[in-house]
Structure formats: C-alpha cells, structure tokens
Amino acid sequence: MATPAQPRTTPDLARVTETLELLAPRWSVWALMTISSTPLRYAEIKPRLPWLRDGQLHPRLRHFTDAGVVERTEYAPRHVTYGVTSRGAELLPVLASIATWGDTYLEKDLVRNKKTGAMEPEQLPVAQNIEDALALIVPRHATAILWSLKARGGASAKTLASEAMPGYGLTAVYKPLDRLVADGLVTASGTGNFQLSASGQGLAPVFQAVSAWAAGRPLTEAGAHPVWGPGPAPSQARSGPWATTPTRLPAPTAPTAHAASSARPAVATTVLGGPAWKGGDLFSHQIPARPISPAGGPRR
C-alpha cells in the first residue's frame with residue numbers, strides 16, 4: 001500500500017541535495033581524499049593527482065574551503081597547507097558509505113588476474129566508485145524522485161511530477177525518470193507505475209549518512225531516517241582508514257625535489273567493505289557504470 005504523500009520540499013531533502021552537489025564536481029572527491037590523512041602543500045598534492053591539468057586543482061580546494069570542509073593554513077606567503085577540518089573529517093564516513101554502495105551495485109569490467117589468469121571484476125579506486133555513484137544520483141531532480149519513490153513504495157509519473165518537481169509540467173518528469181530507469185535505480189511496471197529497484201533500495205545507507213552529516217549529526221547517533229529507515233550499521237558509520245589529523249598542525253617542512261618526484265599519485269587506503277585504493281589505480285574511466293541488473297549488461 002502506498003504511503004502518504006511527502007511534502008514537496010523538505011529541509012532534509014534540500015540539505016541532502018546540496019551536500020551531494022558539493023561532492024559532485026569531477027575530481028573533487030579525489031582531491032578531498034588525497035588530503036584526508038594529513039595536511040599537505042599544493043606542491044605535495046599535485047603530484048598525487050597527475051591527471052589534473054594546471055588550474056583544475058585550486059578551484060576544487062577553494063570549493064571545499066568555502067564550504068568549511070577544508071582548511072587553508074598560511075604559514076608564510078608561499079607556505080600554505082590544505083587539510084580537512086573537523087567538519088571535513090565527519091564527511092569521510094559518508095564517502096565510505098557511498099563507496100561501499102558503488103562497490104556492491106555498480107557494474108565492473110572483467111579483467112584477467114595477472115597471477116591466476118582467471119577473469120575477475122576490475123578493482124576500481126575508491127574515489128572512482130564514489131564519483132560513479134554520485135554521477136547517478138546527483139543529476140537534477142534525481143534525488144527528489146528517488147525520495148518520493150522510497151516514501152510511497154511506488155508512484156505514477158504524474159504523482160512524481162507533482163511531488164518531486166513542483167512547478168514543472170508533467171512531461172518534464174520523463175527525462176530524469178527515464179534516466180533513472182536506464183541507470184537501473186528505478187523500474188517501470190506495465191501499468192505505468194514506477195518503483196525503486198534493488199540497487200535503488202540499496203541507496204538507503206547513503207542517504208541516511210548524507211542526511212545525518214548535512215544536519216550536523218554524528219552517524220552513530222543519527223537514528224532512524226523518516227524516509228530511508230534505520231541508520232547505518234556501525235561498520236558503515238566509522239571513519240575507518242580515513243581518520244584525519246587535527247588542523248593547524250606545526251608547519252611541515254618544505255618538500256624536497258626528490259620527495260615531490262617520488263610522491264604517490266593517490267593516497268593508499270581501503271574502504272570498509274570496498275576495494276583498496278592502490279598507487280597503480282591512477283586514471284578514471286570516462287563513463288560511469290550503471291548498477292548491476294539481474295540480467296547483467298554493459299556500461300552506460
């Protein structure tokens with residue numbers, strides 16, 4: 001049975017949408033994860049993200065600094081470090097939740113294991129899982145449609161247009177809705193109704209975590225979400241390997257030429273229940289994967 005209609009706009013939904021949009025710009029998650037363990041100077045960050053062209057890193061650091069997630073500490077005119085704030089540290093378990101969903105539900109190419117010769121799913125960098133997941137839920141109106149479908153259990157396009165896209169005509173809902181169906185997050189019935197797929201239902205821990213962070217609540221104390229249900233399990237609420245050091249540490253020494261040239265391209269880390277982010281996992285694929293369907297299928 002369908003649940004009562006949800007308000008067209010709620011502070012919770014608005015905050016979640018804003019948080020996802022904060023993380024969405026491409027390469028932003030990579031930059032944030034690179035400085036998640038310790039504050040670094042620009043000259044130390046750039047070699048770890050070698051595929052970013054000149055001029056692409058500063059805007060991402062400034063983007064997070066303006067949002068209060070990253071702190072820029074100036075020790076001298078040419079001695080500046082970037083590190084996560086306490087608010088940024090609280091965001092790291094949210095990233096872990098998104099990465100876990102991506103590792104569980106997104107399609108992966110089969111690659112040959114160099115040791116055994118067996119074909120197995122490709123192990124993508126953690127940041128790539130996060131960016132691929134965000135690419136599916138961040139497009140305009142996508143989160144609101146998913147929200148309405150979760151609250152109702154199922155709805156027609158007309159209902160979704162009214163609840164998730166107030167002020168738009170009925171026809172405007174079909175483009176974002178068709179995309180969610182194509183991406184495997186929503187399924188359509190022969191009667192014209194839509195509902196969340198298994199991977200769409202699996203987004204519950206993601207939205208629970210994002211909602212808690214956006215409201216300033218610790219994930220471990222978030223409680224049940226009114227739409228998405230019980231809070232994340234303890235293993236999903238911990239920051240795990242992304243523990244951060246306090247900001248405003250004593251000024252680090254300037255990197256030597258040898259240190260800069262030998263810096264790893266990305267932070268080596270793992271996500272709870274997810275793949276390792278290894279130094280060799282450098283480059284991103286251009287097109288995000290869609291969720292795994294029962295019948296399988298190619299990347300979008």
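Guide: Welcome! A residue counts as buried under 20% relative accessible area, as exposed over 50% and as partly exposed in between (1.4 Å probe, protein chains only). This is a predicted model, in which local features need pLDDT of at least 70 and side-chain atom pairs pLDDT 80 or more, while totals for chains, interfaces and linings use all residues. Residues are numbered from 1 along each chain as its sequence is written, and side-chain values use heavy atoms, without hydrogens and water.

Visitor: Is Phe 207 buried or exposed?

Guide: Phe 207 belongs to helix H11 (residues 204-214); helices are DSSP runs of H or I with at least four residues, and strands are E runs of at least two, numbered from the N terminus. Its relative accessibility is 0%. Phe 207 therefore counts as buried.

Visitor: How are the ring planes of Phe 207 and Trp 228 arranged: stacked, edge-to-face or tilted?

Guide: Rings of Phe, Tyr and Trp (its six-membered ring) pair if their centres lie within 6.5 Å, with planes under 30 degrees apart stacked, over 60 edge-to-face and the rest tilted. Here the centres are 4.8 Å apart. The planes lie at 35 degrees, so the pair is tilted.

Visitor: Which residues of helix H9 are buried?

Guide: H9 covers residues 174-182. Its buried residues fall within an arc of 100 degrees (directions from the helix axis to the C-beta atoms), so they line one face of the helix. They are Pro 176, Leu 177 and Leu 180.

Visitor: Which residue in S8 is the bridge partner of Val 186?

Guide: S7 and strand S8 (residues 193-196) pair in the antiparallel sense over 3 bridges, where pairing needs at least two by DSSP. Val 186 has as its bridge partner in S8 Leu 196.
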